[in-house]
Amino acid sequence: MSSATNQFTVLTISQFDSHSIIHLSFTIAFAQMIIIILLLFETPFRNPLVLRLDQFKIGKPQLAVKSFGATVFVAMMYNIYSVFDIRRRFVDAVDSSNHILLAYHMFVAYLMGFSLFLLVTVHSLHRYIKEVVMVTETIRAAKKQNQAYENCMKKSAEEAETIRKDISRVKTDIINLESVCSMKEQAVQLLRAESSTLKDRLEGCLEEYDRLLTYNKDLKEQLQEQLQGVNERSSHSDGIISAFFSWDRWGL
């Protein structure tokens, strides 16, 4: 009975290649723990890892992951069944080989169960971290947008202040121009008043000139009449004098 049990133990362990299974299980578990650590802490590797895990959840990689999980689950269930089977068949046996085989199956079952737990943890953590990354990116985008809005508001405030100063300066210039225009308008009114006065004087001068022309004309006519009268009287006087001093009158 003991030799048969030992042979069964050797055959079973050699059949499943215990070292390869344990090594593979530890490798998978450590890889999953590294993935969990990278997902938990914000490092430069987290975003590329999230994108890589997204690719594993689409198409053929997703099918491969599910097949791996199903295989590990079946292997775990087989090891659990082997544990109960060994306990049932060798309940009264105290052989060390049975204990070694039982411990081996329990260890492999625990290791595979732990791997499945880590796989589920990675899946859930990836989903939550993906949401966190999306929310973080959204917050960063909102912060950038808010910063751009604040910069725009600051720039707008500066432009508004500049425009306000320009408006104040333009108002001052308008007031100065209005003052200058008022002064020039007063000067124009004075010039208009002087022009009106000069116009009145000019009209008076023109009337005086017309009157003087008329007076000059009348005076000229009077002088011409007087000269004509003088000429007539002078010619008559000359005739009388000629006749008075004529040789015939005196018989010479």
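A salt bridge here is a side-chain nitrogen of Lys or Arg within 4 Å of a carboxyl oxygen of Asp or Glu. By this rule the count comes to four salt bridges. The model is predicted, so local features need pLDDT of at least 70 and side-chain atom pairs count only at pLDDT 80 or more, while totals for chains, interfaces and linings use all residues. Residues are numbered from 1 along each chain as its sequence is written, and side-chain values use heavy atoms, with hydrogens and water left out.

**Figure 1. The whole chain, for orientation.**
The chain has six helices and zero strands, and its elements run α-α-α-α-α-α from the N terminus on. Helices (H or I, at least four residues) and strands (E, at least two) are DSSP runs, numbered from the N terminus. Of the 252 residues of the chain, 17% count as buried. Buried means under 20% relative accessible area, exposed means over 50%, and partly exposed is in between (1.4 Å probe, protein chains only). The accessible surface of the chain comes to about 19800 Å², and 65% of this belongs to carbon and sulfur atoms. Accessible areas come from the Shrake-Rupley method with a 1.4 Å probe; for residues, only the protein chains shown count as cover. Among contacts in the chain with a separation of 6 or more, 75% are between residues 24 or more positions apart. Contact means heavy atoms within 4.5 Å.

**Figure 2. The largest pocket and its lining.**
About 560 Å³ of space lies in the largest pocket. Of the 22 residues that line this pocket, L53, F56, V65, L119 and V122 are the closest to its centre. Helices α2 (18-40), α3 (46-56), α4 and α5 each supply at least two residues of the lining. The largest share, seven residues, comes from α4. The search runs on a 1 Å grid over the protein atoms alone: a cavity is a set of points where a 1.4 Å probe fits but cannot get out, whereas a pocket is an open set with protein on both sides within 12 Å along at least five of seven lines, and lining residues have an atom within 4 Å of a point. Grid points are joined across faces, edges and corners, and a volume is the space filled by probe spheres set on the points.

N79 is placed in helix α4 (residues 60-89) and counts as buried, at 5% relative accessibility. Leaving aside neighbours within four places in sequence, N79 is in contact with H105, V108, A109 and M112. R87 also has its place in helix α4, but R87 counts as partly exposed, at 44% relative accessibility. With neighbours within four places in sequence left aside, R87 is in contact with L102 and M106. R87 and H99 are 12 residues apart in sequence, and their C-alpha atoms are 9.5 Å apart in space.

**Figure 3. A nonpolar surface patch at F26, F30 and F107.**
F26, F30 and F107 form a nonpolar patch on the surface, and together they have about 280 Å² of accessible area. F107 is found in helix α5 (residues 96-244) and is partly exposed, with a relative accessible area of 35%. Patches are made of residues with over 30% relative accessible area and no salt bridge; like charges are joined within 9 Å, and nonpolar side chains (Val, Leu, Ile, Met, Phe, Trp, Tyr) within 5 Å.

**Figure 4. The salt bridge between E161 and R164.**
The side chains of E161 and R164 meet in a salt bridge at 2.6 Å, N to O. Because E161 and R164 are three residues apart in helix α5, about one helical turn separates them. E161 is partly exposed, with a relative accessible area of 36%.

**Figure 5. The salt-bridge network of D166, R169 and D173.**
D166, R169 and D173 are linked in a network of salt bridges. Between D173 and R169, the closest N and O atoms are 3.7 Å apart. Both D173 and R169 lie in helix α5, four residues apart, about one turn of the helix. D173 counts as partly exposed at 34% relative accessibility, and R169 counts as partly exposed at 47%.

**Figure 6. The salt bridge between R211 and E208.**
R211 and E208 meet through their side chains in a salt bridge (2.0 Å, N to O). Both R211 and E208 lie in helix α5, three residues apart, about one turn of the helix. R211 counts as partly exposed at 46% relative accessibility; E208 is partly exposed, with a relative accessible area of 34%.
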